[in-house]
Every structure is written in C-alpha cells, then in structure tokens.
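User: Could you help me learn to read a few structural features?
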Amino acid sequence: MSTVMLQPVVALVLWTFVMWLWMYVTRIPAIQRMNLKLDPQVPPRELMNQLPARVRWKADNYNHLFEMPTLFYAVALSLALLGDATSGSVILAWAYVGLRVVHSVFQATVNKIEVRFALFALSSLLLLALTVRAAMAVF
C-alpha cells in the first residue's frame with residue numbers, strides 16, 4: 001500500500017475537524033447571545049436558521065465536507081491500495097485537498113457564491129481526473 005496517497009486523505013479529515021471546531025466556536029456563542037431556546041420539538045434546521053448567516057456558513061461548509069469529499073476518500077484509498085504513489089496521483093490528491101481548504105475558508109468568511117462555485121467546480125475536475133486514474137488502474 002502506498003502511504004504517500006494516505007497523507008492527503010488524513011489531511012482532509014483533519015481539516016474537517018478544524019471546520020467542526022470553527023462551527024461550534026462560532027455557533028455556541030451566537031446561540032447564547034440570541035438566547036435561542038434549543039427546543040427538541042422544533043426541527044434543528046428551523047432553530048439554526050435563526051442564527052446570522054456568517055455563523056451558518058461554517059456549518060454549511062462542514063456539511064459540504066461530507067459530500068464530494070466522500071468520493072475523494074474512496075478514490076484515494078483505492079489508489080493507495082493499488083500502490084499508486086505516482087507524482088500525478090499524489091499531486092492531484094493534494095491539489096484537491098488544497099482547493100477544498102480554500103473553498104472552506106472562502107465559504108466560511110466571504111461566501112460569494114460565484115467564486116465558491118468556481119472553487120467547487122475546479123476541485124470536482126481534479127477529483128474526476130483522480131477517479132479516471134483509478135479507473136485505468138482497475139479496468
């Protein structure tokens with residue numbers, strides 16, 4: 001197994017925990033400032049929608065890190081199991097992780113949708129290229 005392909009996987013998992021922490025460091029004080037009553041009878045999304053947008057952006061991004069990145073984990077782990085430590089695959093994997101981090105920071109702070117979409121689209125193309133590399137290795 002190629003452990004060099006596991007490094008970007010672990011890095012993205014660690015980044016997800018950074019976003020998890022950032023989400024709660026901003027959400028809990030906002031809930032306290034607003035005296036928001038956490039009522040189990042009210043759907044969680046309805047409660048959280050009362051928070052300011054800048055607070056919700058962190059949670060939105062945290063949730064996004066469980067969407068396309070799950071495909072990244074599967075592909076990168078597959079490449080690692082296949083022993084692919086080629087510079088092309090490793091560079092694609094790190095570039096994907098880097099763009100996801102930039103996407104996270106941008107969404108959590110500025111959140112201009114057009115720029116966010118461009119970052120998402122570019123990272124998706126990198127993920128597609130990584131997937132094609134894995135497909136070529138197994139088919």
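Predicted model: local features only at pLDDT ≥ 70, side-chain atom pairs only at ≥ 80, totals over all residues.
User: Does Phe66 count as buried, exposed or partly exposed, and what is its relative accessibility?

Analyst: Residues are numbered from 1 along each chain as its sequence is written, and side-chain values use heavy atoms, with hydrogens and water left out. Buried means under 20% relative accessible area, exposed over 50%, and partly exposed in between (1.4 Å probe, protein chains only). Phe66 has 46% relative accessibility, so it counts as partly exposed.

User: How many aromatic pairs does the structure hold?

Analyst: A pair of aromatic rings is described by the distance of the centres and the angle of the planes. Rings of Phe, Tyr and Trp (its six-membered ring) pair if their centres lie within 6.5 Å; planes under 30 degrees apart count as stacked, over 60 as edge-to-face and the rest as tilted. The structure holds five such pairs. One of them joins Trp20 and Tyr24: with centres 5.9 Å apart and planes at 75°, the pair is edge-to-face.

User: Where do Trp20 and Tyr24 sit relative to each other in helix H1?

Analyst: Helices (H or I, at least four residues) are DSSP runs, numbered from the N terminus. Trp20 and Tyr24 are four residues apart in H1, so about one helical turn separates them. Trp20 is partly exposed at 37% relative accessible area, and Tyr24 is partly exposed at 34%. The rings of Tyr62 and Phe66 have centres 5.1 Å apart and planes at 75°, so this pair is edge-to-face. Tyr62 counts as buried at 19% relative accessibility.

Notes:
Helix = DSSP H or I, 4+ residues; strand = E, 2+ residues; numbered from the N terminus.
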